[in-house]
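Hi everyone, thanks for having me. Today I'd like to walk you through a pair of helices and then some aromatic rings. Here is what we'll be looking at.

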Amino acid sequence: MKKIVILTGAGISAESGVPTFRDAGGLWEGHRVEEVATPGAFRHNPALVHRFYNQRRVDIQTREPNAAHLAIARLQTAFPDKITVVTQNVDDLHERGGSVDVWHMHGELLRIRCTKCHSKVGWTKPLDSAEPCGQCQRTGTLRPDIVWFGEMPYFLDEIDLALQKCELFVAVGTSGVVYPAASFVDIANHQRIPTIEFNLQKTATSSRFTESRLGPATKAVTAWVEELLLAG
């Protein structure tokens, strides 16, 4: 089995009913997403930001991993030292589908962190500014552990190293236009390794992939994983 890096985006979770971040024209209660997804927005109106993420936190816990999440987990279970799962998604559907050590580039919706002591903790309940940090006891410092616009994504060094060592790069359900994830296929091409794109339809970056497999991830990814498992 080749060493494979699998990057997933909003498309894989959309098949579980998870709304994409920019649904409804990028508006939420009349606000641009940028107004609830930047450090400045949190400083200016923390109540609004908390309300936005509280709603999403409730919603994600009603969703279930789909066949594509389960297929990737089966592949990772069969070849634990060969499969690296990287996601742009902030949901926990990969983990609930059975994947382990998933690298969430943009953070995790069901985690919060303190802006003062930098402690992180899992969190499934509503959050507001009155909640004290369990580590330093300060109030007004807890925020969703989400990478907002203008912040550095997580795991970039680890991802770069994995891409340098992998023998196949796979992108599932991502538009390929959001950087730095959009550059991963270029890194793979520089390594002269094969690349596969899974998407509902061709994207602006399809030409940069060796192969495009079109259709719902629940079908296309599952079929691909079955091929790999049969080949051993």
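Let's start with helix H5, residues 67–78, and helix H9, residues 217–231: in this predicted model, their axes come within 8 Å and cross at roughly 20°. Angles under 35 degrees count as roughly parallel, so that is the word for H5 and H9. The crossing of H5 past H9 is left-handed.

Which residues of H5 and H9 make the contact? On H5, they are Ala67, Ala68, Ala71, Ile72, Arg74, Leu75 and Ala78. On H9, the list includes Val221, Trp224, Val225, Leu228 and Leu229. Sorted by type, the residues of this contact are twelve nonpolar, two polar and two charged.

Now, on to the rings. Searching the whole structure turns up seven aromatic pairs. One of them joins tyrosine 154 and phenylalanine 155, edge-to-face, with 6.5 Å from centre to centre and 85° between the planes. Tyrosine 154 is partly exposed at 21% relative accessibility, and phenylalanine 155 is partly exposed at 31%.

Next, have a look at phenylalanine 169 and phenylalanine 209. Their ring centres are 6.3 Å apart and their planes are at 20°, so this pair is stacked. Phenylalanine 169 sits in strand S9, while phenylalanine 209 is in the loop between strands S10 and S11, so the pair ties together parts 40 residues apart in sequence.

Finally, please find Phe42, Phe52, Tyr53 and Trp148: ring pairs link them into a cluster.

Terms used: Residues numbered from 1 in each chain as written. Predicted model: local features only at pLDDT ≥ 70, side-chain atom pairs only at ≥ 80, totals over all residues. Heavy atoms only, no water. Axes fitted to C-alpha atoms, helices over the stretch in contact; angles between N-to-C directions. Helix = DSSP H or I, 4+ residues; strand = E, 2+ residues; numbered from the N terminus. Parallel < 35°, antiparallel > 145°, perpendicular 65-115°, else oblique. Left-handed = near helix turned anticlockwise from the far one by under 90°. Contact = heavy atoms within 4.5 Å. Nonpolar A, V, L, I, M, F, W, Y, C, P; charged D, E, K, R; others polar. Phe/Tyr/Trp six-rings, centres within 6.5 Å; stacked < 30°, edge-to-face > 60°. Buried < 20%, exposed > 50% of the residue type's maximum accessible area, 1.4 Å probe, protein only.
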